[in-house]
Amino acid sequence: MALAACLTAAVARWRWAPDWAVAVAAAAIVVASGALSFHGARSAVSALGPTVGFLAALLVLADGCRRAGVFDALGGLMASGSHGRPRRLLGMVFLAAAGTTAVLSLDATIVLLTPIVFATAARLPTNPRPHVYAGCHLANSASLLLPVSNLTNLLAFTACGLSFTRFAAVMALPWLVAIGIEWLVLTRVFADDLREAPGGAHAAPPAEPRLPRLALGVVGLTLAGFALSSIVGIAPVWFAAAGAVTLTVAQRPPSLADLLGAAEPTFLVFVLGLGVVVEAAGVHGLSSVVRSLLPTGASLPALLAVAAVSAVLANLVNNLPATLIVVAVVSASAPGGVLAMLIGVNVGPNLTYVGSLATLLWRRIIHAHDEEVDVAQFLKLGALTVPVTLVAATASLWLALQVL
Amino acid sequence: MRALIWITEPSWRACIDRARELLPAGAEVTILHVAATDVEALAEHPGPGRLGRHHRPPPGPSVREISDAEAQSLLGEAAQRFGRPAQTVARRGRVEREVLQASAGADVLVLARDGEPRREPKSVGRFQRFVIDHAGCAVVVVWSQDPPGLDAMRWPPHLR
């Protein structure tokens, strides 16, 4: 009931009942009614605490990069590297979106990069359709590489029991495979829009952008810190925090309100509340239902089943609750099971534009007639990419686990 | 004669040049560009299903402002290239529907094929195909590059 209330509030976005408040209230009711002991709730919150802190640091780091002009510079690089050719621009967008998603998380790609991609394509001028779709799709499918690429990865990072570098090494092949499939499908589906203007490119070559070295240096050092974290014995979250603080202090400091806004406190509270509610649902039978659905072990069929069930669940209830529900069950077959789950919950959301069936139905009822996103085209693209990617990325995960 | 020239980013130069050659001097010409709002909506809300997130749009011009400015600039360049008196119209929405609605009072619609540069059905893009199929006026379909010769064409078996 509490889980349903949280999800409904997050999907419906009522003004009078913000999703974070509903999540906190639901968590409080769960504890007050005895559905979850106070001790259980406290351990759920303290288990999620570092992850939420990690996420906040990443959000602040990404916003610092925006203020330093990293994304504008990426736009300039994409424009100059494209030489006015739509297909080359799509290649540049793939590089920028895959890199941004991997390093600064999918939120950075969605909120900060995709509008820049639109502006870059529109100013070329070329039809921005394939480039914008690429940004949206890669935010999900290119979020497999690093533990910091997606909140779902952060939530499952501890459970998978791998170091930061080993996570990256094992997920590198699935990540490349997922990006490769996106390229093959997008360049075919949007072949019309990627055709070059007759007579070659007409656009004047844009000026080479000035790269914000400080911000890129801080991001580079933060990444190096992540890589060294297991060797020096310091948790990666501290390197993320150090990076966020350094970048904030080193530039003209933003106002406190802007800084807090960048960290999205309501979202962090929502995640904590949802964590408590899912914990309670898990104790009261949800975990055993999921356990009965999921095979254990690291055989290829078992990994494929985990990825498929996770993808379906992510599309039914959204990938955040899906991760919280599944991770507790698959941690028994870590790391293979956990990583296969991540392929499911990260790639799966591309199947429906809105992220879950519930949202899709809701939005269709509310916005039946307005000029919104072409959901049919998004669904078609999802149908062409997601099932293939799930199978191919999981198979390459299985291969990586055998070899590495 | 009222003529509507529908221009798109990849082919507007060729489309304007051919229209200038084909349309009579006295024609009342309107040049049309349509911004696809479904793409704009996607660029602005690329992840609406992302539970619990309430992203603020980054500062700077909005997607809508960028799109409007680019449409105006393209139409301005096209009108200049046309070199004869012409009105320009920027519409927003689903592309094929907007073009059909804009062509309601026109006698002739000029458009570029915007598809494969070969003599085959795919030489007409999907929006162009819809417009040609449903237009109420005469439609002039121009190549945006020199078409390959007839000898390069792959004939269907019964015509070989």
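## A tour of chains A and B

Start by selecting the contact between the two chains: 35 residues from chain B and 45 residues from chain A take part, where two residues are in contact if their C-beta atoms, placed from the backbone, lie within 7 Å. This is a predicted model, in which local features need pLDDT of at least 70, side-chain atom pairs count only at pLDDT 80 or more, and totals for chains, interfaces and linings use all residues. Residues are numbered from 1 along each chain as its sequence is written, while chains are lettered from A and ligands numbered from 1 in the order in which they are written.

**Stop 1: the chain B side of the contact**

Stay on chain B and pick α2 (37–44) and α3 (63–82), each of which supplies at least two residues of the side that touches chain A. Helices (H or I, at least four residues) and strands (E, at least two) are DSSP runs, numbered from the N terminus. The largest share of that side, 6 residues, belongs to α2(B). Colour the side of chain B that touches chain A by class and you get 14 nonpolar, 13 polar and 8 charged residues. Here Ala, Val, Leu, Ile, Met, Phe, Trp, Tyr, Cys and Pro count as nonpolar, Asp, Glu, Lys and Arg as charged, and the others, Gly among them, as polar.

**Stop 2: the sheet of chain B**

Next, show the strands of chain B: 5 of them form an open sheet in the order β3-β2-β1-β4-β5, with parallel pairing. Two strands pair if DSSP finds at least two bridges between them. At the edges are β3 (86–93) and β5 (138–142) of chain B, each pairing on one side only.

Now zoom in on β2 (28–36) of chain B, which pairs with β3(B) in the parallel sense over 8 bridges. On its other pairing, 5 bridges join β2(B) to β1(B), and these two also run parallel. Click on B:V29: its bridge partner in β3(B) is B:A86, and B:A3 stands opposite B:V29 as well.

Bring back α2(B), which lies across β2 and β3 of chain B at about 30° to β2(B). Angles run from 0 to 180 degrees between N-to-C directions, and axes are lines fitted to C-alpha atoms, for helices over the stretch in contact.

**Stop 3: the helices of chain A**

Switch to chain A, with its 19 helices and 0 strands. Of its 404 residues, 56% count as buried. Select α8 (151–160) of chain A, where 8 of 10 residues are buried, among them A:L151, A:F157 and A:C160. The buried residues of α8(A) pack against α3 (38–68), α9 (164–189), α16 (319–330) and α17 (336–347) of chain A. Just after α8(A), A:G161 has a positive phi of about 70°.

**Stop 4: a helix pair**

Finish with α14 (265–293) of chain A, which packs on α16(A) at about 55°, with their axes 9 Å apart. That makes α14(A) oblique to α16(A); angles under 35 degrees count as roughly parallel, over 145 as roughly antiparallel, 65 to 115 as roughly perpendicular and the rest as oblique. Residues to display include A:G275, A:V278 and A:G282 in α14(A), and A:L320, A:P321 and A:L324 in α16(A). By class, the contact of α14(A) with α16(A) has 11 nonpolar, 3 polar and 1 charged residues.

Key. A residue is buried if 20 or more other C-beta atoms lie within 10 Å of its own, exposed if 12 or fewer, and partly exposed in between; C-beta atoms are placed from the backbone.
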